[in-house]
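Keep the picture handy as you read.

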Amino acid sequence: MEDKLQVSDVFQAKKRIKDYVKVTPLVRAENLEKLFDGAEIWLKLENMQYTGAFKLRGVSNKMLTTQKEELQKGVTAASSGNHAQAVSYMAQQLGVKATIVMPENAPKAKIKGAKGYGAEVVFAGFTGQDRDEKCAELIKEHGYCLVHSHMDPAVIIGHGTVAIEALEQMDGDMDELIVPCGAGSLASGASFAIKGVNPDIKVTAVEPKEVPLFTEALKANKALTVKMGQTIADGLRISKAEEINFEMIRDNVDKVVAVDEKSIEEALKLVGLKEKILAEPSACVGIAALLENKIDTSKGRRICIVITGGNVDASLYAQLINNVK
Ligand SMILES: *Cc1c(COP(=O)(O)O)cnc(C)c1O
């Protein structure tokens, strides 16, 4: 499927979505750098993106490439959080109705977020399958247009814009890009975009050890389902790999790294207290990989880490910062 995609699609997407997404800051993390071996560490702050996460990039590209008549019927999405907010926000921007299907244990901040953009929220079970079934039901009943969170090429390509934007901000001089990985649509799009521009740049995807989806998929050389443990990174709680994401990650990502829960929590504290950046747990796995010595941080390397989002319940954030859990 991705054979048909071109890196020029990412540049076109970047133009298409520019009135709807923010060019987010890229900052050098000087305080974090002191903990490592001399590499430059740059953080791409998608926690400052509209809706508080990078998801708007893919969602806006999808909705802006969908026929108006289709959109007018309303859109629907299954999501445990940030995708929901992006779809709700974009629907509001375009003046169409959004109905979001969420798990019953979705974080309050994310439920409030979607409702705040005027979406209707429907709850369905706890698994991705529960949510997909509910979505299919709504589509059948109302003719809604599905905005899938990770299987749609338009979404994947839209997510790729974050990598291109960061590379431009680094004047084309980047040695490694590190992205969090849940369902793998960000890793798919970002790695596809980066390799299309400069195949020498390394791309690393990081997932929680509790949900080692692409570690296992690459080992087995097929898209599979893993048993899901408990991870604080709620945006990375996806147990099933889809074919398109598996293939793109296999073809373009150099390395998939799995990190411990403890390192994710430590990373969140470091980003918050040392860099003064409010990042949600899922956004901190890249830094967790550095803390676990899984990334080459030798002097002279220029590493870019995507801080993917900042939507976290205040009570959980306070607990994590205080080390009480
Ligand atoms: C969705 C999300 C991810 C993971 O993206 P995938 O495309 O599912 O791999 C990482 N961080 C945050 C904050 C997210 O919302």
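Here is a short tour of a sheet, some helices, a few charged pairs and a ligand site.

First, some ground rules: this is a predicted model, so local features need pLDDT of at least 70, side-chain atom pairs count only at pLDDT 80 or more, and totals for chains, interfaces and linings use all residues. Residues are numbered from 1 along each chain as its sequence is written, and side-chain values use heavy atoms, with hydrogens and water left out.

**The sheet and its helices**

Helices (H or I, at least four residues) and strands (E, at least two) are DSSP runs, numbered from the N terminus. Two strands pair if DSSP finds at least two bridges between them. In what order do the four strands of the open sheet sit? They go S5-S4-S3-S6, with parallel pairing. S5 and strand S6 (145-146) are at the edges with a single partner strand each, so one side of each has no neighbour in the sheet. Strand S3 (residues 75-78) pairs with S4 over four bridges, in the parallel sense. One such link involves alanine 77, whose bridge partner in S4 is isoleucine 100.

Helix H5 packs on this sheet and touches S3 and S4, and its direction makes about 175 degrees with that of S4. Helix H6 (residues 108-116) lies across S4 and S5, running at about 140 degrees to S5. These angles run from 0 to 180 degrees between N-to-C directions, with axes fitted as lines to C-alpha atoms (for helices, over the stretch in contact).

Now zoom in on serine 88, which has its place in helix H5. Is serine 88 buried or exposed? Serine 88 is buried, with a relative accessible area of 1%. For the cut-offs, buried means under 20% relative accessible area, exposed over 50%, and partly exposed in between (1.4 Å probe, protein chains only). Setting aside neighbours within four places in sequence, serine 88 is in contact with Ala98, Ile100, Ala114, Tyr117 and Ala119. Contact here means heavy atoms within 4.5 Å.

**Charged pairs**

A salt bridge is a side-chain nitrogen of Lys or Arg within 4 Å of a carboxyl oxygen of Asp or Glu. The whole structure has 20 of these salt bridges, and here are some examples.

| Pair | N to O distance |
|---|---|
| Lysine 18 and aspartate 19 | 3.5 Å |
| Glutamate 120 and lysine 97 | 3.0 Å |
| Arginine 301 and aspartate 296 | 3.7 Å |

Glutamate 120 lies in strand S5 (residues 120-123) and lysine 97 in the loop between helix H5 (82-94) and strand S4 (98-102), so this pair ties together parts 23 residues apart in sequence. Glutamate 120 is partly exposed at 41%, and lysine 97 is partly exposed at 42%. As for the other pairs, lysine 18 is exposed at 56% and aspartate 19 is exposed at 63%. Arginine 301 is buried at 13%, whereas aspartate 296 is partly exposed at 41%. There is also a network of salt bridges linking Lys44, Glu46, Arg57 and Glu165.

**Around the ligand**

How many residues surround the ligand? The count is 15, and the closest are Lys55, Gly182, Gly184, Ser185 and Thr308. A residue counts as near if one of its heavy atoms lies within 4 Å.

A backbone N or O atom of glycine 182 lies 2.7 Å from a ligand oxygen atom. For glycine 184, a polar backbone atom is 2.7 Å from an oxygen atom of the ligand. Serine 185 uses a polar side-chain atom, 2.6 Å from a ligand oxygen atom.

Conventions: A polar contact is a pair of N or O atoms within 3.5 Å; within protein, one must be able to donate a hydrogen and the other to accept it, and residues adjacent in sequence count only if both atoms are side-chain atoms.
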